[in-house]
Amino acid sequence: MRRFLLPLALTLNACMPTTPTDTATRAAIANSTFPPMKTFGAPRPVRPAKSNNDLALDFVELSFNLESGRALPVFTRFETPISVRVTGAPPASLGSDLNKLLHRLRSEASIDIQQTASNKPANITIEAVSRADIRRALPHAACFVVPNITSIKEYRQAKRTSRTSWAEMRERKQLAIFLPNDASPQEVRDCLHEELAQAIGPLNDLYRLPDSVFNDDNVHTVLTGFDMMMLKAYYAPEIRSGMTRGQVAQRLPQIFNRINPAGGARAAKFATRTPRAWSQAVQSALGPGTAMKARIVAADKALNIAAAMGWQDHRRAFAHYAKGRILLGADPEAAYQHFLMADKYYAKTPGATLHRAYVATQLAARAVTQGDGERALRLISPHIDKAAQNENAALLSTLLLLRAEALDLQGRTAEARTVRLDSLGWARYGFGPDWAVRAKLREISSLSPLKKGRI
């Protein structure tokens with residue numbers, strides 16, 4: 001389930017968390033007066049720097065549990081070449097994003113997957129429907145994938161039956177993915193990446209993974225090098241549908257030694273599992289329908305659990321970030337201290353550089369409000385290429401808009417104008433329609449003391 005992005009006070013297109021279910025989910029642009037929409041070029045994924053032992057443990061936990069925590073009795077995947085079709089009313093951006101993703105799956109994960117015509121039968125049907133249609137089918141999801149279904153109408157009729165149960169499957173043959181056709185291009189693409197990855201591969205999400213879309217914090221929005229390695233292992237010839245957890249685990253050392261030779265010499269780190277109490281606390285702190293007082297209590301619980309577990313990684317950072325996000329309106333100074341702590345723990349976590357880019361928007365925003373353009377530029381500069389490398393246009397445009405405000409504060413108005421113009425093409429992909437881009441412009445411009453009373 002695609003649920004929520006690492007939340008920004010500088011609001012991105014966020015999908016909020018819900019109670020985990022057994023359904024795998026990921027909780028139209030008019031003519032514009034802005035510059036043309038920008039898109040990303042060739043992908044730049046980074047191979048995971050993990051031991052093969054740790055990769056095998058990740059694989060088992062991702063593959064034999066659902067997001068709800070329910071165990072799966074056997075391993076399932078497609079055992080034939082995979083065909084994909086698009087139906088419904090797809091947005092203009094979906095075609096090129098799907099082509100790029102399918103090419104990556106073939107070239108990076110060695111999966112035999114091809115697109116076919118919309119009027120032909122296919123293993124995977126991607127139906128583009130409205131967000132309202134998705135909410136009527138599954139209220140808290142931004143997008144989702146289900147087995148043995150070809151349309152959202154069919155899903156509504158078969159919902160809560162054994163037909164749509166992942167636990168009842170023994171081999172994957174037919175699935176449907178439901179994507180919004182009235183969201184920003186980036187949100188549609190992000191849904192496409194996560195839901196197609198779950199359609200063909202792991203169904204679980206793990207908070208302990210810092211460099212993966214298979215993580216409920218949803219920091220990563222396109223498939224990473226780690227994700228492609230998991231998918232490549234998923235379709236290794238040594239395993240097949242119907243195998244038990246033990247049978248698959250027995251073959252994983254051979255698989256990872258073959259596809260990731262460098263990981264054989266790395267020492268295992270044995271990352272601790274994430275207690276369900278911590279996950280539930282985070283969901284309560286950031287999810288919809290929770291009163292402010294209860295949010296603070298939940299965030300404090302997440303922080304206490306993280307400290308008790310002795311975590312020094314991105315999970316402890318995320319708890320601080322959640323607390324900072326909650327306090328931002330009522331106590332900006334306390335929120336700032338939590339953002340600093342979040343950055344501290346993210347800096348200790350290999351693979352969490354993208355997380356630090358999100359925190360940098362908060363820290364830079366504070367610097368801009370204080371009129372400190374020099375500090376804002378120092379905070380922003382290391383993260384612009386990281387946002388681009390991870391193909392996150394919403395984050396990239398936010399960083400560039402903050403950079404423009406910082407340049408204005410230094411009197412570098414011509415540079416600021418150029419940077420701001422550059423940000424708009426990315427904002428059109430990241431945020432979508434003109435009104436959303438204008439709202440983001442106003443939001444960030446209002447931070448600057450030079451523009452107080454002019455916004």
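Let me start with Asp58, which is buried, as is Lys50, and these two side chains form a salt bridge in which the closest N and O atoms are 2.4 Å apart. Please keep in mind that we are looking at a predicted model.

As background, side chains of opposite charge can pair when their charged atoms come close.

Arg366 and Glu333 meet in a salt bridge, at 2.9 Å from N to O. Arg366 sits in helix α12 and Glu333 in helix α11, so this pair ties together parts that are 33 residues apart in sequence. Arg366 is partly exposed, with a relative accessible area of 22%, and Glu333 is also partly exposed, at 39%.

Lys440 and Glu443 form a salt bridge as well, with their closest N and O atoms 3.0 Å apart, and here both residues belong to helix α17, three residues apart, which separates them by about one helical turn. Lys440 is buried, at 2% relative accessible area, whereas Glu443 counts as partly exposed, at 24%.

Now, which buried residue has no salt bridge? That is Arg316, whose nearest side chain of opposite charge, Asp313, is 8.0 Å away. Arg316 is found in helix α10, and, leaving aside residues up to four places away in sequence, Arg316 touches Leu303, Ala306, Ala307, Trp311 and Tyr345.

Notes. Residues are numbered from 1 along each chain as its sequence is written. This is a predicted model: local features need pLDDT of at least 70, side-chain atom pairs count only at pLDDT 80 or more; totals for chains, interfaces and linings use all residues. Side-chain values use heavy atoms; hydrogens and water are left out. Helices (H or I, at least four residues) and strands (E, at least two) are DSSP runs, numbered from the N terminus. Buried means under 20% relative accessible area, exposed over 50%, partly exposed in between (1.4 Å probe, protein chains only). Lys and Arg count as positive and Asp and Glu as negative; His and the chain ends are not counted. A salt bridge is a side-chain nitrogen of Lys or Arg within 4 Å of a carboxyl oxygen of Asp or Glu. Contact means heavy atoms within 4.5 Å.
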